[in-house]
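Here is a tour of one protein chain, written for someone new to reading structures. Have the 3D view open and turn it as you go.

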Amino acid sequence: MNDDRYLRSIKDLEKVGSKWWPKEVREEAMKVSILQYLLDTQEKFISLLTLADRNKPEKLFSLIDASSFEYHLFLKHLILLTDVGSEPIQRFNASFEEIFPDGKLEFAIGKQKHSYKFTSLPTRGVPNNKKMQSDTLENLTAPCRNVELCKDLIMFLIYGAASTTARTAAVLYKCNAFEYLGQEELIKKYVRQNYIRVSRIVGGKEASDLGNVAQSYAVRYLAEHLGEDYNVVNAGTIPGVQMDDNKEVTFDIVVDRKNDVGKFKKYVGIEVSFQETSNSVIERKAREARARFQNTNNKRCYVAYIIDGAGNFSRTAAVSDLCDNSHCNVAYTPSEFDLLIEFIKEKIG
């Protein structure tokens, strides 16, 4: 085995590194930041659904107007709750005349019939997230630019499943939020259960910044490519590895083999650091590097670092300390992750 291929200097890493946040991480962080904003506005959204009267559909718009709750924000909440995203909305728009041949949504709540005349649908172009103003946090927090389109979408997302036309009701079967309007406990349960689903999709509320998202992305990559024979733990520890104050060392990621139960079971503790701009995080990691390495090495286990970003590469002394106190150093790219996977398999089987 040739350990030299795993032990690279800061100059080696800079040559193969990304330096700037990869597209996948930025997109992941964007999803998380939007989710956090939706969670922050969730209670107000619930209150609007609670005050609404399903037998008086027009009252909902008056409530939204009075609350200063933006229409596109209300629409974004509905899209997540009904699990009807931009792709099905685009299909509905393309088939609008088939679904709503009279340009109206005719629906019934109990024995009472209602009719809503669409004013913006079908819309020209594609009603994607950008057009619905829900593609970025910046757009979601800005004033609504297309209230009439939002009103049309809100109406069929809430009342579509109540259509008096069987074919329309069948197509819009998920659009049944009207069943919960005005019923506080049912609404709270409905909203929160659906947000648990959404939170899982985007990796959870905890990953609230690019650094945490970068770590979570690395965890997923390693877990998917190492396969079922390995445990890949986010924020884990290695048994017996402690700092000078007798506290267990927490690594950003810890990997071990599931079927390895020997006395000297081997682990790989991985630290992730990606900084576009220079800050003190890398300095803290550098101060801990020597003790972390020695204590892990004493347990016949391994330390690896994922180091990247223009900010980190400007901190030559700190990054060099990490590189000097490690068994493997890689940058933040798929090919570098694959090299780390080779190292893991070589060292722990």
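Let's start in the loop between helix H4 (58-67) and helix H5 (71-82), which is where serine 68 sits. Keep in mind that you are looking at a predicted model.

For background, most residues other than glycine have a negative phi, and most peptide bonds are trans. Serine 68 counts as exposed, with 61% relative accessibility.

Aspartate 83 is another non-glycine residue with a positive phi of about 60 degrees. You'll find aspartate 83 in the loop between H5 and H6. Is this residue buried, exposed or partly exposed? Aspartate 83 is partly exposed, at a relative accessible area of 42%.

Then there is a cis peptide bond, joining leucine 121 to proline 122, with omega at about -5 degrees. Proline 122 belongs to the loop between S2 and helix H8 (137-140).

**Strands and how they pair**

Strands of a sheet pair through backbone hydrogen bonds, either parallel or antiparallel. Strand S1 (residues 104-109) and strand S2 (residues 112-117) run antiparallel and are joined by 6 bridges. Leucine 105, for one, has tyrosine 116 in S2 as its bridge partner. S1 and S2 make a hairpin with 2 residues between them, and glycine 110 in the turn has a positive phi of about 65 degrees.

Now look for the open sheet of 5 strands, with the order S3-S4-S5-S6-S7 and mixed pairing. Strand S3 (230-242) and strand S7 (328-330) stand at its edges; each has a single partner strand, so one side of each has no neighbour in the sheet. From one strand to the next, the twist averages 40 degrees. Within this order, strand S5 (residues 267-274) and strand S6 (residues 302-308) run parallel, joined by 7 bridges. Glycine 269 is found opposite valine 303 in S6.

**Charged partners**

Side chains of opposite charge can pair when their charged atoms come close. How many salt bridges does a search of the whole structure find? The count is 14.

| Pair | N to O distance |
|---|---|
| Arginine 5 and glutamate 342 | 2.9 Å |
| Glutamate 148 and lysine 151 | 4.0 Å |
| Aspartate 256 and lysine 265 | 2.8 Å |

Arginine 5 and glutamate 342 form a salt bridge. Arginine 5 lies in the segment before helix H1 (10-16) and glutamate 342 in helix H16 (residues 334-348), so their pairing ties together parts that are 337 residues apart in sequence. Arginine 5 is partly exposed, with a relative accessible area of 37%, and glutamate 342 is partly exposed too, at 39%.

Glutamate 148 and lysine 151 are 3 residues apart in helix H9 (residues 147-159), which means about one helical turn separates them. Here glutamate 148 is partly exposed, at 36%, while lysine 151 is buried, with a relative accessible area of 18%.

What about aspartate 256 and lysine 265: buried or exposed? Both are buried.

Elsewhere, salt bridges link Asp252, Glu271, Arg284, Lys285, Glu288 and Arg292 in a network. Remember Asp252, Arg284 and Lys285 from that network, as they come up again below.

**Spaces in the fold**

The whole structure has 1 cavity of 30 Å³ or more. The largest cavity holds about 40 Å³ of space. Which residues line it? The lining consists of Ile89, Phe92, Asn93, Phe96, Phe100, Leu121, Leu153 and Phe156. By class, that makes 7 nonpolar, 1 polar and no charged residues.

Helix H12 (210-226), strand S4 (248-257), S5 and helix H13 (281-298) each supply at least two lining residues, with H13 giving the most, 5 residues.

How values were computed: Residues numbered from 1 in each chain as written. Predicted model: local features only at pLDDT ≥ 70, side-chain atom pairs only at ≥ 80, totals over all residues. Heavy atoms only, no water. Salt bridge = Lys/Arg side-chain N within 4 Å of Asp/Glu carboxyl O. Helix = DSSP H or I, 4+ residues; strand = E, 2+ residues; numbered from the N terminus. Buried < 20%, exposed > 50% of the residue type's maximum accessible area, 1.4 Å probe, protein only. 1 Å grid on protein atoms, 1.4 Å probe; cavity = no way out; pocket = protein on both sides within 12 Å on 5 of 7 lines; lining within 4 Å. Points joined across faces, edges and corners; volume = space filled by probe spheres on them. Nonpolar A, V, L, I, M, F, W, Y, C, P; charged D, E, K, R; others polar. Pairing = 2+ DSSP bridges. Axes fitted to C-alpha atoms, helices over the stretch in contact; angles between N-to-C directions.
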